[in-house]
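Please keep the sequence and the 3D view at hand while reading.

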Amino acid sequence: MKDNGEKLTPRRRLILKAIVEAYIESGEPVGSKFLTQNLELGLSPATIRNEMSALEDMGFLTQPHTSAGRIPSEAGYRFYVNSLMRRYDLTQKERSELSGVTENKIAELDKVLERATKLISELTNYTSVVVKPRQTGITVRHFKVVPLTPNIFLLVMLTSTETVKSKHIHVGFDVDNATLEKLELALNLHIAGKTPSEITLPLIMEMEQYLGESEALVNPIIKSIYETISEQDTGELRFGGVNRLLEYPEYGDREQVKDLLGMLDNKDDFLDLISNSDKDRVNVLIGSENAVDVTHNSTLVFKTVQKDGKTIGAIGVIGPCRMDYSRVIATVEELAQSIAGAAGGTSVPLTNALPDGRNEEKDN
């Protein structure tokens, strides 16, 4: 389609742009009468019809019915996004709402992404998608031990992905505060920064010897560390505003929506898509360009969030190919940059990760 795009005259580009934008707004096929009334081209309806026919022959338009107007094809949308679309300028209110998602610098990434999921769906009126990709080489950067009762304490862990996790540790004997302080020191000296494969049996035995009579603490602690790291290895995929799809005639068939959301069962394929995406720009996958199994009348727009050269998440929207691309792309880009900026700021202090519900994830 690249060669056809290069052959488009300025007049045909103008007509294609008008048809795409009119169809995005109305959802109705666009005819020559509409273009004559709404474009100051100085062209007759017959001339416009000829140009529309040429655009159809070139693959940019399709005609759903012989007596109807034209609608954009996937190639038409693609050329519009790449070459014709004007950049949408976010309003001050929109920018304020987007920046508000990350205004609390101590909020952990999970909670930022959760708020972002809701906001981006509200601002775009499409279904939002948030991804936390698979991670390799995850470690616990820092430990904090918080006493709760004589035989229960909270193990708080700040991982290398800037996520705060906590586990309640129950033991069959009383543990005093001095022992817990000793345990916390040992964890930060000997376990912090190590991957599961580096937490060897000799290291575990050394920990047990160091704790002496309280050596029974080591086994549940090591188990909790393994669980915490493995939970983040698998990646995560979540959606917001799924019911918004039903507002569009393209998804009038509920089975069609069901098929679209079947990608939830293909998390691995979706995570592969994110991992292999362009990290420097907003990705726009129109219809059959999607590698994951979505219906061909859907578009996926997303941007990865980077920190220190690594992908720590991705955020975007799913909707019909008849999407307000300019506004969606600007919104996704602004929010992804805001999240990346927050992630690159001050690390989450564990002193703020106490069991008061403000900034932690507890085990169930």
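How many salt bridges does the count come to?

## Salt bridges

The count comes to 11 salt bridges, a salt bridge being a side-chain nitrogen of Lys or Arg within 4 Å of a carboxyl oxygen of Asp or Glu. One of them joins R12 to E51, with 2.6 Å between the closest N and O atoms. R12 belongs to helix α2 and E51 to helix α4 (residues 45–57), so that the pair links distant parts of the chain, 39 residues apart. Helices (H or I, at least four residues) are DSSP runs numbered from the N terminus.

## Basis and confidence

This is a predicted model, in which local features need pLDDT of at least 70 and side-chain atom pairs count only at pLDDT 80 or more, while totals for chains, interfaces and linings use all residues. Residues are numbered from 1 along each chain as its sequence is written, and side-chain values use heavy atoms, without hydrogens and water.

The average pLDDT of the chain (the predictor's confidence in each residue, from 0 to 100) is 82, and 85% of the residues score at least 70. Over residues 345–362 the pLDDT is below 50. Where pLDDT is low, the predicted coordinates should not be read in detail.

## The second largest pocket

Domain 1 (5–84) and domain 2 (92–134 + 234–340) both contribute residues to the lining of the second largest pocket, which therefore lies between them. The domain bounds come from an automatic or database assignment.

The lining comprises five nonpolar residues, one polar and five charged. Helix α2 supplies the largest share, five residues.

Definitions and conventions. Helix = DSSP H or I, 4+ residues; strand = E, 2+ residues; numbered from the N terminus. Nonpolar A, V, L, I, M, F, W, Y, C, P; charged D, E, K, R; others polar. Contact = heavy atoms within 4.5 Å.
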